[in-house]
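Hi,

Here is the structure I promised to pass on.

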2 protein chains.
Amino acid sequence: MVRRTKEDALETRSELLDAAERLFSEKGVTNTSMMQVAEAAGVTRGAIYHHFKNKLDLIESLMERVRLPVDEMRGCGEQVDDNPLHEIVCRSKQFIHQVENDPNTQALVSILFHKCEYIDDVLPIKVHHLRGRNECIEEVQQLFVKAIKQGRLPDSVDPRSAVLGLFGLIDGLMYNWLLDPSFFSLTGEANIAIKRYLTGLEQG
Amino acid sequence: MVRRTKEDALETRSELLDAAERLFSEKGVTNTSMMQVAEAAGVTRGAIYHHFKNKLDLIESLMERVRLPVDEMRGCGEQVDDNPLHEIVCRSKQFIHQVENDPNTQALVSILFHKCEYIDDVLPIKVHHLRGRNECIEEVQQLFVKAIKQGRLPDSVDPRSAVLGLFGLIDGLMYNWLLDPSFFSLTGEANIAIKRYLTGLEQG
DNA sequence: TTATAAACATGCACTGCTGTATGTATAATT
DNA sequence: AATTATACATACAGCAGTGCATGTTTATAA
């Protein structure tokens, strides 16, 4: 009803993003209208179109705002030893833990996996998703290279192949877990599966 | 423009389903209108609403029509020996091969993974997806049980955990491959990764 | 052979959503 | 203190899509 200060405006914008994130993850992106987002944020559609050009711009801003764990997980805090395999495990666990425990992260990943359609119009989502993923893949691949050089993995292991399998495993577990979180424990199964996969890597 | 015989009607229905499958996998489910489906099939919207109640009914029919490889892959043709692990590998390969090579299967899986939103309204999709998956999981889990009994896998392996990891791996690889098929060879990477995962299972 | 019903085509009314234009009150600027 | 720009609210026009009702033609059954 009134205009407020600049900080208040930023808060409005933030609340709009929060509402969008919630509604998108609950009802899907295309099934959520701008008016519903506005209502959920306690404002009118005018507010949205002031802060964002359109729905796509809103989505892009959502992607910009959240730093996905895929992005975060470069550099894994307590990295005591110089074993790249340990860092790979640590990063993976941290990633999965954040998805299972941080509501914001979970909502966004849920949107990416199950609540949006990868069509041309929402290309920014796909682009953002792939970019972060590819950067992360590149880094983990280097860790595998390092592990092979250190003799922790046999030479017969192709680092690219190793990282593709690992990411497939993690993504697949998250995908299925998000379909029905009560079906199994993400952290539990992921830890076991990753361990097994790495064990398989260590053998020829 | 005219009415034809019963067989022709079934063909019309089939062409509508073909068109829907194509358009859905290309442009997404919600972004494809009934009129576009009708046009692509060379008929008008009236034809669709004659054969299908609405868009959801159309989608349900799509799911009914195609037997996903997940459903098919029970009983793996040339099963010479009695090694359940071999059957597991055989089924997985068959599944993946069908996704990579059969256009119909690929289109439908692409829809399930990337071109629809799992909201309440499209619950039939989710239900169908999960039902087929769960049935298959159950069967493969029994194969793991058998393998453990035969001493081909250590007792420490939990069959449920084993199958969850395997399905996660396969789903994740397919998910990522469908995002960008040129990024890697699905069959190639899947074979390697599955082999590694099973190797990891054989170790404690 | 006639009647009925199937297999569509056509047209209409309704709705939800979008984008924008305009209004308005307040903060920020001078 | 006056002006300007910001941060929204409100109002309007317009479309795209849906669902249905109603034609129209032909198979099919009696």
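Into which domains is chain A divided? There are two: domain 1 covers 6-65 and domain 2 covers 69-202. Bear in mind as you read on that this is a predicted model.

On how those domains sit relative to one another, the C-alpha centres of domain 1 and domain 2 of chain A are 29 Å apart. Domain 1 of chain A puts 11 residues into the contact, and domain 2 of chain A puts in 13. On the domain 1 side, α1 (6-27) and α4 (55-65) of chain A are the elements giving two or more residues. That side of domain 1 of chain A, sorted by class, has five nonpolar, three polar and three charged residues.

Next, the DNA. There are 25 residues around DNA strand C, and B:A9, B:T12, B:T44, B:G46 and B:A47 come nearest. Both chains show up here: α2 (34-40) and α3 (45-51) of chain A, plus α1 (6-27) and α3 (45-51) of chain B, each supply at least two residues of the surface near DNA strand C. The largest share is from α3(B), with four residues. By class, that surface splits into eight nonpolar, eight polar and nine charged residues.

Last, the core. The largest nonpolar core has 102 residues, and those with the most contacts inside it are A:A20, A:I170 and A:M174, along with B:A20, B:I170 and B:M174.

Cheers

Methods: Residues numbered from 1 in each chain as written. Chains lettered and ligands numbered in written order. Predicted model: local features only at pLDDT ≥ 70, side-chain atom pairs only at ≥ 80, totals over all residues. Core = buried A, V, L, I, M, F, W, Y, C linked by C-beta atoms within 7 Å. Buried ≥ 20, exposed ≤ 12 C-beta atoms within 10 Å, placed from the backbone. Domains from an automatic or database assignment. Contact = placed C-beta atoms within 7 Å. Nonpolar A, V, L, I, M, F, W, Y, C, P; charged D, E, K, R; others polar. Near = placed C-beta within 6 Å.
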